[in-house]
Each structure stands twice: as C-alpha cells, then as structure tokens.
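Here's a quick briefing to read alongside the sequence and the 3D view. Have a look at the fold, then work through the points below.

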Amino acid sequence: MSAETPAATGQFTHRRQQFRAWRGTRPFWAGLFVLLGGFPIAYFPYAHLQIGHLTLAMATTAGAGSLIIGVLLGVLGISLWFQKHVRVFAGVAAILLGLVSIPVSNLGGFLIGFLFALIGGAMAVSWAPGAPPVAEPAPEAAPAPGSTPAGVFPEDGAPAGEPTVNPYSTGPDLTKDAGGADEPNDLSGTSPANGANGRHSAG
C-alpha cells in the first residue's frame, strides 16, 4: 500500500482543514510571532560565537534577565493560542517585555526578538473574534417577462356583477349591459354614441 493512497490523502486534507478552523478562531499568528521573539532574546546572551580560533562570548551581566524575558515571551505566545480571552493582556505584556529586552538582552536579541515581540504583541491587541456568518434569505423568483404581477387584478372568484377595473388602462371603462354587449360607461351624455354629438339637445 503506497503512501499516496486516497485514504491517506483524505485524512491529511481533513487534518489540515481542522487545523485551519482551529487557527481561525484565535490569534494564531500573534502567538507565533511572540513565541519566536522569545528565542533570540533568551539564546544570544548564552551563545558563543566562534570566529576562527577566537571565541566571542555574548553573555551579559543580566543573562538571567534575558532568560526570564525569553521564557515569559514563550509563555505569552502559547497563552495566545490556548487562552484567547487574555489577548489584550498578553499583547501589552509582550510589547513591554520587548522594550525591556533592548537594554537587558543585547539590544533585544540584536533587534530580531524585539521586532518579533513588538509585531506579535500589536497583532494580539488588535485581533478580534469574527462574527458567525448570517444566513441570507433566498431571493424571490422574479416574474416572467410580460406577466402581470400578482395582486393587480382581482381573482377569478370576484363577485358577479362587479366590473373589473384595470388601473393601467387609458381607454373608456366598459360595462356589460343586459344584452351582453359592451358599451362605453360614459354618463356625461357627451359620447357620440348617444346621438348628441357632444351637445345636449334643448328641451
């Protein structure tokens, strides 16, 4: 069974998606930067640089202080991963420890640890949890072209004898007479159909 079987690939994809979901719910990158900032601050005062036959010791009189600052930055970085509600406190503490490391620990680990702690602390303070997604309502189906919107005309079950009026019509209203013929519903007496030709006849 090869290592590239579909089962192994599917499990790797599932684990990667789980890690991405876990990472998205906490200030992951802020914790990583703070954690990385603690290593050079704690390491350089205890390191020895070998240049040919010359050994250069970078230890300072405050070597214990550098170790404490580095360990605290590591603890703050891990706290940001697993205790996200302390992000503001951890971010401010990381910035302050980074500033203190400048005079204590070889310019904050030759500015490497100082910059990592500063950037990670700022990211932790500015991080905010995302809002859960809101389900949008499904859009209503648009009426077909040329169709009449619902509710404009009365339903087929309208009472008999009542005229149906089209509000969009510009012509004369028609009514049904007793014989069933359509004739204009004009009560002014000015219609040419009544023989008055627009004028009332004198008595």
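Which residues are exposed on the other side of helix 3? They're A64, I68 and F82, where exposed means over 50% relative accessible area, buried under 20%, and partly exposed in between (1.4 Å probe, protein chains only). Keep in mind that this is a predicted model: local features need pLDDT of at least 70, side-chain atom pairs count only at pLDDT 80 or more, and totals for chains, interfaces and linings use all residues. Residues are numbered from 1 along each chain as its sequence is written, and side-chain values use heavy atoms, leaving out hydrogens and water.

**The whole chain**
- You'll find six helices and four strands in the chain; these are DSSP runs numbered from the N terminus (helices: H or I, at least four residues; strands: E, at least two).
- Starting at the N terminus, the order is α-α-β-β-α-α-α-α-β-β.
- The chain has 203 residues, and 23% of them count as buried.

**Helix 3**
- Helix 3 covers residues 63-82.
- Its buried residues are G63, S66, I69, G70, L73, G74, L76, G77, L80 and W81.

**Around L111**
- L111 lies in the loop between helix 5 (106-110) and helix 6.
- L111 is partly exposed, as its relative accessible area is 41%.

Definitions and conventions:
Expected span 1.5 Å × (residues − 1).
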